[in-house]
Amino acid sequence: MPDLLIELFSEEIPARMQTRAAEDLKKRMTDGLVEAGLTYAGAVAFSTPRRLTLALEGVLAQSPTLREERKGPRVDAPEKAIEGFLRGAGLTRDQLEIRDEKKGQVYFATIEKAGRPAADIIAEVLDATVRNFPWPKSMRWGSGSLRWVRPLHSIICILTDDLGTTVVPLDIDGIKAGNTTAGHRFMAPTTFEVSGFEDYASKLKRAYVVLDPQERADAIWQDAQNQAFASGMDVVEDNALLAEVAGLVEWPVVLMGRIDDAFLDLPPEVLQTSMKEHQKFFSVKNPKTGRIEKFITVANRETKDTGATILAGNQKVLFARLSDAKFFWENDLRIAKGQGLSVWTNTLANVTFHNKLGSQKQRIDRIAALATALAPAVGADPELASQAALVAKADLSSEMVYEFPELQGLMGRYYAQAADLPHEVATACEAHYSPLGPSDDVPTDPVSVAVALADKLDTLTGFWAIDEKPTGSKDPFALRRAALGIIRLLSENSVRMSLKTAIAQAYPGADADDLLGFFHDRLKVYLRDQGIRHDVIDACLVMENNDDLTLLITRAKALSDFLATDDGTNLVQGYKRANNIVTQAEQKDGVEYSFGADAKFAESDVEKTLFAALDAQAPKIEASMKSEDFGAAMIGMAYLRAPIDAFFEGVQVNSDNQVVRRNRLNLLSRIRQICLLVADLSKIEG
Amino acid sequence: MAVEKPKSFQEIILRLQAYWAQKGCAIMQPYDMEVGAGTFHPATTLRALGGKSWAAAYVQPSRRPTDGRYGENPNRLQHYYQYQVLIKPSPPNLQELYLGSLEAIGIDMDLHDIRFVEDDWESPTLGAWGLGWEVWCDGMEVSQFTYFQQVGGHDCHPVSGELTYGLERLAMYVLGVDHVMDMPYNDPQTLIPLTYGDVFKQTEEEYARWNFDVANTDVLLRHFEEAEAECDAILEQEHIDPKTGKRIIMAHPAYDQCIKASHMFNLLDARGVISVTERQAYIGRVRALAKKCADAFVLTEAGGHGL
């Protein structure tokens, strides 16, 4: 069975797209081939900046012949029906077979679909794959109409077996498939022929191209570590950068250079960000000083001066970049120390946050007022909270954050420290943005918590007020993330507060109920991820104080735990049964059975036992609920399960004796009332 | 085969001119209006539209008022030069042609590390975008390389290949100069050697002061609106000129007004009187003009009408 080699050779493919593209090539080709009946034994795909490569092992030489049998009309059917059948099958009458069936003689057709040579199928599938390739962005070039990520120059498409190599005949928009490719753009640009995958990979290596991106990444990382180690340092790990750099070179050459002493006092994050963002350098740390003192750059070639010119050039660019960063840092520090961070906050009066929600300064003032109001509930000093909120976004006016927006918050912390602000304030400058995602750490310092809550609540109430709510997949202002942030800030810090009150404080006149509904939806998603069913949450949502999210979560967790026990599930059944009977009787009798159950009318032992159990547990459950000890309340509930089960087992509620019947209904109503102290169990499914 | 190193800023420009002339480009002169980048020259913006083949190269003085630093920053200027090449349809060997131009200005391909790093180009004011790269030489961005996909809202058919060299930065790199003002403008061995600073330091100061603090914003705003109105008025004219009876669509004069509006916007921006939200609105207004001019140009002969 032959092996297949495909190479799509183009101008430089963006690094971030290469891995996915190699996978897509493999998937689309193999899916298409298999669908056409052409199976294979193994497939591997690779990418470099200039090529996507797919190698298939053990491809069928041709697709198998397919036979299909079709039942036709009866022999004595009208002529038209028989002609129609022949047309559909593409046969003549003498090719049909007559079989005896129960209803008489019937025509049968056997249609044979001959297998097709592999080359024909491959050409078709590759043509379709290239034309419909799922690039995130594609383009046209020259006068052609073909789309590819960048101009596509040549295609290798060859089948190799014991007899030799054949080119699959294929022409896509004037690009004819062949058996040639080129090596490294600068080190080995001449084209050469290949006879199969192994020949291809080894010739490429001789032509200064490492085909496998993982091999390039490994080589880069290994060499970078070796060089750093040799001077007693460590490379700062960055897998995203490593993958990107491996996608920028076909022949990686690792070079290490020194960062000029003038820049060693810059915060390490600034050095790292500047080097990574602008130049795709790795940072190299000196473990003795804890500082970043060197950098690693990866060139795409060897040179006769062993990279000296390249390194010098890179070093020069770095010098200019870091001069900029140092300039920003020193200017910013001068302002932070001299005038203080509030100068920056004030200039934010000229920056629009949103045209309907005012300037950044107005927003900050709102956040400060709200943080002050929320401070007592989170155990923060209101004055510190206000002070922190007023400077927490000041760094947005700093030159460093203008240049590197991703350093917002972090720079604020540095500048607040430089301005000798209290450490809680400095911490809040950085921490108040958190949590950004579901796995991001939640701030714990009370001042940070107050500012973070105020920031997110202001955003939510503001966008709610101007009717910019998230719809479907659209959430341009990340309001879902803000709501989740608030949920986590409250719950993970066990903060107790009425969210409705807080919403009203953030935005008097806000539609608090609507926004609370949004929080409840986010809460369901959040708790579902923690394994708590939506019906459990529904059962808790209808309870009082449902805008105290910490309480709500505690309740839902306790109920969820309880429902995981035997007692829990059975009690729910008992509750539902009691509730159904009482509700039906109430409808039928037109009265409400709510109180007055008396043990003296109890006839049987099970009835008496239930009275005793309710008398014993009701006050305990009530007391536990008052003290919000949900766990204890659930234990109390668990004690009710056996008496309730026994009651339904042994007692007929609808006694002929009306006094006894009424007493029993009132008894069931007590069960309902006690359970309703905890949650609305009728919402529980199953 | 290393080419001898150039000695001055102007020698680099002259070598680029000679190189692209030799490769068949029409060497155009700079457009005689204030523009933000070489792309604004009608030889690029308008000529990238329509089915007619085109090959042009030129130097374009470019103005970015917000980048003024009174001549003190080593590589930021409010007035600088771009070298621009536009070839339509983009030839299959455009990358090789481009690399040849780097060799022509003395960059030894055997010693340097040249990389094509993804950088998609978009001009919101021109309603234009394309895919391509920024070209790195030893980590330094030396050019933009773009395959135009759309200009003025029109799909480009055929596609133009555009090369843009930031001349000062490129020259500083080739000449090994750290501050733009120290760069030799002409041959340092000549009778009257001049540096870039001798030629431009004073003008950078003058314009920075004017751009940032003095330009009359009321006047700028009025100019913006007048240019916008004039552009519309030009394009509303009948295609048949009543005087000559000829079909004359005035795409270029209208486009001049678009350029003017764009520059007025840049100046207003530098004066800091445009808020973030207004910014988008102004850009949208300039883009609307650029689109109308593109609509008009494709109806002209140079725009491929009647092909």
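Predicted model: local features only at pLDDT ≥ 70, side-chain atom pairs only at ≥ 80, totals over all residues.
Which residues of α7(A) are buried? They are A:Val270, A:Leu271, A:Gln272, A:Ser274 and A:Met275.

The helix itself runs over residues 268-279 of chain A, 12 residues in total. From its first C-alpha to its last, α7 reaches 16 Å, close to the 16 Å expected at 1.5 Å a residue. Just after the helix comes A:Lys280, with a positive phi of about 60 degrees.

## Where chain A meets chain B

Now to the two chains together. In chain A, 30 residues are in contact with 29 residues of chain B. On the chain A side, β16 and α8 are the elements that give two or more residues. The largest share, 6 residues, comes from α8(A). Sorted by class, this side of chain A has 11 nonpolar, 11 polar and 8 charged residues.

## A closer look at A:Asn300

Between β16 and α8 of chain A there is a loop, and A:Asn300 lies in it. Is A:Asn300 buried or exposed? A:Asn300 counts as buried because it has 23 C-beta neighbours inside 10 Å, and the cut-off for buried is 20 or more.

What is A:Asn300 in contact with, leaving aside its neighbours within four places in sequence? In chain A, the partners are A:Leu248, A:Val249, A:Glu250 and A:Trp251; in chain B, they are B:Asp113 and B:Arg115. For a view across chain A, take A:Arg555, 255 residues from A:Asn300 along the chain: the C-alpha atoms of these two residues are separated by 60 Å.

Methods. Residues numbered from 1 in each chain as written. Chains lettered and ligands numbered in written order. Helix = DSSP H or I, 4+ residues; strand = E, 2+ residues; numbered from the N terminus. Expected span 1.5 Å × (residues − 1). Buried ≥ 20, exposed ≤ 12 C-beta atoms within 10 Å, placed from the backbone. Contact = placed C-beta atoms within 7 Å. Nonpolar A, V, L, I, M, F, W, Y, C, P; charged D, E, K, R; others polar.
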